Amino acid sequence: MTGTDRVADAPRRVAIVGAGPSGLFAAQALLSQDEVPVEVDVIDRLPTPFGLVRYGVAPDHDSIKSVATALARVFDAEHLRFLGLVDFGEDVTRDELLAAYDAVIYAAGASEDRRMNVPGESLPGSVSAREFVAWYSGHPDALAQDLAGVESAVAVGVGNVAVDVARILTRDPADLERTDMPQAVIDVLASHTIADMWIVGRRGPHHASFTTKELRELCSLDGVQVRVAADAFEHIDEADLDRRTRTNVEVLREAAQRQVPEARCRLHFLFWRRPVTLEGTDHVTGITLERTALDESGRVVGTGETSTLDAELVLRAIGYRGVPLPGLPFDLEHGVIPNEDGRVTTEDGHVLPREYVVGWIKRGPIGVIGTNKSDAAQTVRLLLEDLAHLPRDASEDAALLDLDRHLAERGLHPTTFEDWRRIEEAEAARGDELGRARTKIEAWSELLDLVALDRPGGPPTPADGIR
Ligand SMILES: Cc1cc2nc3c(=O)[nH]c(=O)nc-3n(C[C@H](O)[C@H](O)[C@H](O)COP(=O)(O)OP(=O)(O)OC[C@H]3O[C@@H](n4cnc5c(N)ncnc54)[C@H](O)[C@@H]3O)c2cc1C
Ligand SMILES: NC(=O)c1ccc[n+]([C@@H]2O[C@H](COP(=O)([O-])OP(=O)(O)OC[C@H]3O[C@@H](n4cnc5c(N)ncnc54)[C@H](OP(=O)(O)O)[C@@H]3O)[C@@H](O)[C@H]2O)c1
């Protein structure tokens, strides 16, 4: 074998930024082919893999949560490493990754939320559903939520995230005991006093993006009386509806007719209303809504008719939003890294070699876990085509930056998949103590203690990449 052959056969090195479903599906697609030998490093700013599967999918949906078990199998592959506690942009730059790897895939998801842009939106008591979900999912960055004194809560938006937060707030707290929520979260949810939960959509029930299964589950919770404002069903031509939307409308009609004796709380659906102001001076006390209609071109317009709902909590469930990654081009309007079928481009459409995107940072914050699988496969197909044509000689191969050494020189010691297993074991042990299958560990300090056991230099510190 000649020196040139050896270099040609040497595995190509690929970095993936983000260990959520899209990053792990990309890793799986790379490692399950044999055209181009690869070694893959999956980098995440957290010591825990799985992204929104761990910190988004509702804790009471355990069958979907088990997707994490399937995703974990990706790490059985010999040529895959997990590098946790490495924050792209803080601990490692775009230039460093491009110097250390033949190709980089960005899979960082959408870590912010859309704004309603109405007065009062920043008052205490106005919380994005993203923050609320992060809290009940035990995300270490999440702020503790206080539901004391909340009797009426409003979720703005009629997607599956609104359904999730409304269900967590209205279902019997005893049902939450079997979830993996942190104990402090369970304690808050067990003692809240919410009697009225509102879900507000700016268009009609037939325009809502929630799925029927999720809506049906929400509308059949024990002890919850569903009410749907009568004007919800105006102007619906059932003949124009597809199967999902027609069934959604039926589920809402049926639920509104069902009487629930001695209901613990009421769940109100209010359609054709958009938020105009969050009321209050030091804290939210209500939300003023404007009646809406569609204009001739199908756009939502206000009618000028307003009404105010009393509420001490407003959850903005109007969508997540991608944030720019330092040094990379960004499409601010859509909250994505500009790309052509997954190849990163400049803002004006020129393909940038060796850089790729997958998942929500590629397509925007829409789509279920499975959508990311085909999406990642498309990107990886193009990446492999490109790698096959990427010239490489021995000097280039030798010149690849040694990322491990580079990080260690700066006192950074990424965590491993074995470290994650240790966190998992500790969560199972905590669950056992509390008579539950598992209880999440949400405090940074505890997570860091768990991953520091055999790390040189002791526990990582905030300066080591924890924000
Ligand atoms: C509240 C909620 C509930 C959902 N429930 C379901 C459900 O029940 N069923 C379903 O099929 N789909 C569900 N979805 C959709 C599903 O979660 C998404 O389709 C999927 O998680 C998107 O995957 P992703 O990998 O693009 O992003 P993410 O899952 O967000 O993963 C991104 C990863 O990148 C990491 N990261 C971010 N920035 C950096 C950085 N600078 N450096 C290093 N790492 C970084 C993050 O820590 C994270 O691990 C839900 C979504 C939400 C918001
Ligand atoms: N169980 C599950 O499978 C599950 C659970 C959670 C999430 N997910 C998935 O995750 C993705 C994200 O869900 P999502 O609920 O965040 O997003 P979504 O489905 O896009 O819903 C966002 C909602 O917010 C509304 N909205 C947007 N801007 C608004 C504004 N300024 N004022 C008032 N309302 C506004 C939208 O109304 P318009 O339609 O009028 O724009 C829509 O009703 C979806 O693909 C979802 O299916 C799945």
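Two strands count as paired if DSSP finds at least two bridges between them. Helices (H or I, at least four residues) and strands (E, at least two) are DSSP runs numbered from the N terminus. The model is predicted: local features need pLDDT of at least 70, side-chain atom pairs count only at pLDDT 80 or more, and totals for chains, interfaces and linings use all residues. Residues are numbered from 1 along each chain as its sequence is written, chains are lettered from A and ligands numbered from 1 in the order in which they are written, and side-chain values use heavy atoms, with hydrogens and water left out.

**Antiparallel sheet**

Three strands form an open sheet in the order β11-β12-β13, with antiparallel pairing. The edges are β11 (273-279) and β13 (300-310); each has a single partner strand, so one side of each lacks a neighbour in the sheet. Neighbouring strands here are turned by 25 degrees against each other on average, direction ignored; axes are lines fitted to C-alpha atoms, for helices over the stretch in contact, and angles run from 0 to 180 degrees between N-to-C directions. Eight bridges link β12 (residues 286-294) with β13 in the antiparallel sense, and Thr 292 faces Gly 302 of β13.

**Parallel strands around β1 and β4**

β1 (residues 12-17) pairs in the parallel sense with β4 over four bridges, with Val 17 opposite Tyr 106 of β4. Six bridges also join β1 to β2 (residues 38-43), again running parallel, and in β2 the bridge partner of Val 17 is Ile 43. β4 is in turn joined to β18 (residues 351-357) by three bridges, and these strands run parallel; Ile 105 stands opposite Tyr 356 in β18.

Six of the six residues of β1 are buried, meaning under 20% relative accessible area, with exposed over 50% and partly exposed in between (1.4 Å probe, protein chains only). Arg 12, Val 14 and Ile 16 point one way from β1, and Arg 13, Ala 15 and Val 17 the other way. In β4 (residues 103-106), Ala 103 and Ile 105 point to one side and Val 104 and Tyr 106 to the other, and all are buried.

**Ligands**

A residue is near a ligand if one of its heavy atoms lies within 4 Å of it. Ligand 1 has 29 residues around it, of which Ser 22, Asp 44, Leu 52, Gly 367 and Ile 369 come nearest. Ligand 2 is surrounded by 19, the closest being Val 158, Arg 202, Arg 203, Ser 209 and Gly 367. The table lists polar contacts, which are pairs of N or O atoms within 3.5 Å; within protein, one must be able to donate a hydrogen and the other to accept it, and residues adjacent in sequence count only if both atoms are side-chain atoms.

| Residue and part | Ligand atom | Distance |
|---|---|---|
| Ser 22, side chain | ligand 1, oxygen | 2.7 Å |
| Asp 44, side chain | ligand 1, oxygen | 2.6 Å |
| Arg 45, backbone | ligand 1, nitrogen | 3.2 Å |
| Arg 202, side chain | ligand 2, oxygen | 2.8 Å |
| Arg 203, side chain | ligand 2, oxygen | 2.8 Å |
| Gly 367, backbone | ligand 2, oxygen | 2.7 Å |

Taken alone, ligand 2 exposes 920 Å², of which the protein buries 81%; accessible areas come from the Shrake-Rupley method with a 1.4 Å probe, and for residues only the protein chains shown count as cover. α8 gives the most to the shell around ligand 2, with three residues.
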